[in-house]
Amino acid sequence: MMNLDEEVRLWTTNTEREKTENLATLYSIIVSLEYLERAYVRDSVNGKEYAPACIKLLAQYKSLMKLVGDEIGGLEAFMKRFKMDHQAALHRLTIGVPATVEHSAEATDGGAEAGKWVAETTQSFITFMDALKLNLRAKDQLHPFLTDLMSGYSRFKGSGEWEGRGKILHWLITLNAMKASDEITEEQSRQMLFDIENAYNEFFRSLSSSNKT
């Protein structure tokens, strides 16, 4: 006979538990991003508050999709399965960059092409930071990512004057001097991540500023 006081378990193994928790996290990211997008459109949060929060949610989504993407059949399939009518979140996750960056293309030389550059450079930043967070240390693992980042970063008008450029260049020079199999130290990895995160934040601030002028 069923015990109505007994807790209903959604999993019986650790693997099932991890899967359930990952799906719950994805659901919460979509809901949180929907509320954030609506709040930004209504001016309930300003750009300085919105952008970092949006970047964080996008990064969490990107990391989570590496774990569950194939299993759920894609974002739209997941949202349809759980009857999620969250169009603002769907748009933002599809675009992959905050609204402040998406619309800054209108004020950046290059028009639609500049919007593509913003998306590509944003992805290069995230990919490189993820590599460091995943403890990649060898030159032949990090150098291609950092080269792509520098290439995209340098396309933007005024980037030569940004503080982040010097930091990225410094680490490129450091990696260039190493053999392919050489690895950076834990201390170097932490400093590199700190420098690249600061360059990332400066990149968004600069684009937002150009959008206002």
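Q: Is Tyr200 buried or exposed, and what is its relative accessible area?
A: Start with the cut-offs: buried means under 20% relative accessible area, exposed means over 50%, and partly exposed lies in between, with a 1.4 Å probe and protein chains only. Tyr200 is buried, with a relative accessible area of 5%. Keep in mind that this is a predicted model, where local features need pLDDT of at least 70, side-chain atom pairs count only at pLDDT 80 or more, and totals for chains, interfaces and linings use all residues. Residues are numbered from 1 along each chain as its sequence is written, and side-chain values use heavy atoms, with hydrogens and water left out.

Q: In which helix is Tyr200 found?
A: Helices (H or I, at least four residues) and strands (E, at least two) are DSSP runs, numbered from the N terminus. Tyr200 belongs to helix α9, which covers residues 186–212.

Q: Which residues is Tyr200 in contact with, leaving aside its neighbours within four places in sequence?
A: Contact here means heavy atoms within 4.5 Å. With those neighbours set aside, Tyr200 touches Ile55, Thr122, Phe125, Ile126 and Met129.

Q: Zooming out, how many helices and strands does the chain have?
A: There are nine helices and zero strands. Reading from the N terminus on, the elements run α-α-α-α-α-α-α-α-α.

Q: What percentage of the residues in the chain do buried residues make up?
A: Buried residues make up 40% of the 213 residues. As for contacts between residues at least 6 apart in sequence, 71% join residues at least 24 apart.

Q: How do I read the way two helices pack?
A: Two packed helices are described by the angle between their axes and the distance between the axes. Axes are lines fitted to C-alpha atoms, for helices over the stretch in contact, and angles run from 0 to 180 degrees between N-to-C directions. Take helix α1 (residues 14–41) and helix α4 (residues 87–95): their axes come within 8 Å and cross at roughly 100°. That makes α1 roughly perpendicular to α4, given that 65 to 115 degrees counts as roughly perpendicular, under 35 as roughly parallel, over 145 as roughly antiparallel and the rest as oblique.

Q: Which residues in α1 and α4 meet?
A: On the α1 side you'll find Ile30, Leu33, Glu34 and Glu37, and they meet Gln87, Ala88, Ala89, Arg92 and Leu93 in α4. The residues of this contact divide into five nonpolar, one polar and three charged.

Q: What are the buried residues of α4?
A: They are Ala89, Leu90, Arg92 and Leu93. They cover an arc of only 165° around the axis, so they sit on the same side of α4; the arc is that of the directions from the helix axis to the C-beta atoms.

Q: Which residues is Leu93 in contact with, leaving aside its neighbours within four places in sequence?
A: Leu93 touches Ile30, Leu33, Leu58, Tyr61 and Leu75, with those neighbours left out. Leu93 has a relative accessible area of 8%, so it is buried. Over in α1, Ile30 is buried too, at 0%. Aside from its own neighbours within four places, Ile30 is in contact with Leu75, Phe78, Met79, Met84, His86, Ala89 and Leu93.

Q: What about phi?
A: Most residues other than glycine have a negative phi. Asp43, in the loop between α1 and α2 (47–72), has a positive phi of about 65° although it is not a glycine. Lys83, in the loop between α3 (75–81) and α4, also has a positive value, near 55°. Asp43 is exposed at 66%, and Lys83 counts as exposed at 76%.

Methods: Ala, Val, Leu, Ile, Met, Phe, Trp, Tyr, Cys and Pro count as nonpolar, Asp, Glu, Lys and Arg as charged, and the others, Gly among them, as polar.
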